[in-house]
Amino acid sequence: MSRVDTAWLRMDNDVNQMMIVGVWLLDRPLALETVRERIETRLLKYARFGQRVEHDALGANWVADPHFDITRHVVPEVLPRRAGQSERQALQQRCGELAMTPLDPNRPLWQFHLIEQYEGGCALMIRVHHCIADGIALIAVTNSITDGGDAPPSRRKGRAAHDEAHEADWLSDAVLKPLTELTVKLIGMGGAGMARSIDLLANPQQPIANTVSGTLDIARVGVQLLSDTAALALMADDSATSLKGHPVGRKVVAWNEPMPLDVVKAIGHGLNCSVNDVLLACVSGAIGGYLRAKGEDPAGQQIRAMVPVNLRPLEQAWQLGNRFGLVPLVLPIGIENPIERVYAVRARMRELKGSYQPLLAFGVLAASGLLVKAAQDMVLNLFAKKATAVMTNVPGPREHLQFCGATLRQTLFWVPASGNIGVGVSILSYGGGVQFGLITDERLCPDPQAIIDRFEPEFQKLLMVTLMLPWNAAA
């Protein structure tokens with residue numbers, strides 16, 4: 001297992017499980033055996049989904065599960081409903097419970113839960129540990145199990161060593177070269193030490209701990225790690241709100257109905273902004289409005305969200321694993337004017353373009369995979385202490401997909417948070433629409449639907465004001 005994936009494996013704690021949780025809503029019921037057969041024949045073409053994790057002194061390894069049983073991984077789910085509770089509310093409650101239910105560490109770290117009857121169709125809840133893959137890779141995986149989905153490229157016999165080398169080489173190309181050629185000049189890093197550290201981390205097969213020199217290499221990684229994280233550690237804390245604090249480890253989830261992606265694009269075009277700028281402005285406005293309704297005054301305040309940045313070519317998503325960095329994005333929750341807010345978001349996004357923070361963050365994650373868990377937690381808490389939320393934006397298929405003959409009418413997912421972060425915001429485009437998912441800790445935000453329900457009004461407010469502006473007046 002790569003050092004980065006090892007770091008994600010060990011991020012589980014009492015208040016945050018490092019699982020990506022998703023839901024597929026299908027327009028007609030499906031039998032359990034039908035779903036099991038499809039997942040077994042398609043998903044297991046990715047060898048990782050038939051492998052469990054085995055720990056050793058150097059980290060962790062993927063090994064085939066000799067007792068793999070599809071019935072342990074695709075399970076029936078009965079959706080209990082309290083008096084007065086809708087099907088959606090019951091499903092949201094169950095998703096929150098599953099988000100904090102650990103996967104069996106002795107089995108492959110994934111599970112599908114089928115609700116055979118839901119809103120006239122069925123619902124499929126999906127849980128995958130983050131150490132298996134990131135969001136971009138999992139979109140490719142889930143698409144492959146749909147009707148007509150593409151299987152991963154087949155690997156010829158005798159290519160295993162080549163593939164392992166390729167897995168290591170990408171890190172050198174994506175991270176090592178930019179760091180040694182440009183970042184060292186810009187921020188004064190010790191280029192040789194960082195280069196050696198990342199080269200070490202890129203290849204988990206290196207026997208770095210077998211000799212005295214290997215031990216010294218690990219020590220150098222630790223020293224370099226302190227230097228490399230200094231910039232992150234010096235970030236000021238974001239504003240103190242009720243969304244930031246000590247979670248209790250009980251999760252609540254919510255989502256909205258899709259908004260038309262074409263309209264979002266039209267607003268962006270009219271304001272000379274990106275789709276992301278528009279969506280993040282809606283997120284900022286919804287959170288600010290929620291805090292005002294609770295009696296808090298967010299004027300002049302801003303919160304920080306850790307946002308993943310993809311570091312892999314999309315055509316390589318089938319290779320799984322985690323290949324992304326993190327950037328801290330400041331959300332202007334205190335700005336009420338929607339136009340002013342969208343331009344504030346645009347300015348912050350432009351500041352991040354060309355930044356090497358994603359590469360630095362990836363190096364930190366990789367290096368932390370070499371440390372004992374207690375030391376890893378200390379390093380990763382540097383990220384968590386500086387942020388209120390984790391947020392991700394994943395592009396999904398433009399057309400509606402079919403699964404075992406049923407139409408996938410809506411797909412949702414929730415991003416996991418690390419450390420003591422208690423808010424996760426997910427944005428997903430699918431089938432011509434874009435929607436928001438929110439997962440929160442019950443202590444910090446017991447009713448995330450109250451935030452979600454503000455996204456649509458914020459969007460409509462921005463649309464109305466945009467239509468009233470002269471089209472040649474965009475900043």
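This is a predicted model: local features need pLDDT of at least 70, side-chain atom pairs count only at pLDDT 80 or more; totals for chains, interfaces and linings use all residues.
A polar atom of the Q17 side chain lies 3.3 Å from the backbone oxygen of N13. Beyond residues up to four places away in sequence, Q17 touches D12, A99, M100, P102 and P416.

The nonpolar interior comes next. In soluble globular proteins, nonpolar side chains tend to be buried together. Here the largest nonpolar core has 76 residues, and those with the most contacts inside it are F49, L91, W110 and I132. Strand 1 gives the most to this core, contributing seven residues. What does I132 contact, leaving aside its neighbours within four places in sequence? The partners of I132 are R48, F49, W62, L109, W110, L320 and G321. Another core, of 45 residues, lies apart from the largest one; A254, L352, V434 and F455 are among its members.

Strand 14 (residues 423-430) is a case of an enclosed element. Eight of its eight residues are buried, so strand 14 is largely enclosed by the rest of the structure. The burial extends to both faces: V423, V425, I427 and S429 are buried on one side, and G424, S426, L428 and Y430 on the other.

Strand 14 also has paired strands. Strand 11 (residues 389-395) pairs with strand 14 in the parallel sense over seven bridges, and within this pairing V390 stands opposite G424. Strand 15 (residues 433-441) runs antiparallel to strand 14 and is joined to it by eight bridges; here V425 stands opposite L438. Strands 14 and 15 form a hairpin with two residues between them. In that turn, G431 has a positive phi of about 55 degrees.

The cysteines remain. A disulfide is a covalent bond between the sulfur atoms of two cysteines. How many disulfides does a search of the whole structure find? The search finds zero. Is C95 buried or exposed? C95 has a relative accessible area of 1% and is therefore buried. C131 likewise counts as buried, because its relative accessibility is 0%.

Methods. Residues are numbered from 1 along each chain as its sequence is written. Side-chain values use heavy atoms; hydrogens and water are left out. A polar contact is a pair of N or O atoms within 3.5 Å; within protein, one must be able to donate a hydrogen and the other to accept it, and residues adjacent in sequence count only if both atoms are side-chain atoms. Contact means heavy atoms within 4.5 Å. A nonpolar core is a set of buried Ala, Val, Leu, Ile, Met, Phe, Trp, Tyr and Cys residues joined through side-chain atoms within 4.5 Å. Buried means under 20% relative accessible area, exposed over 50%, partly exposed in between (1.4 Å probe, protein chains only). Helices (H or I, at least four residues) and strands (E, at least two) are DSSP runs, numbered from the N terminus. Two strands pair if DSSP finds at least two bridges between them. A disulfide is a pair of cysteine sulfur atoms within 2.5 Å.
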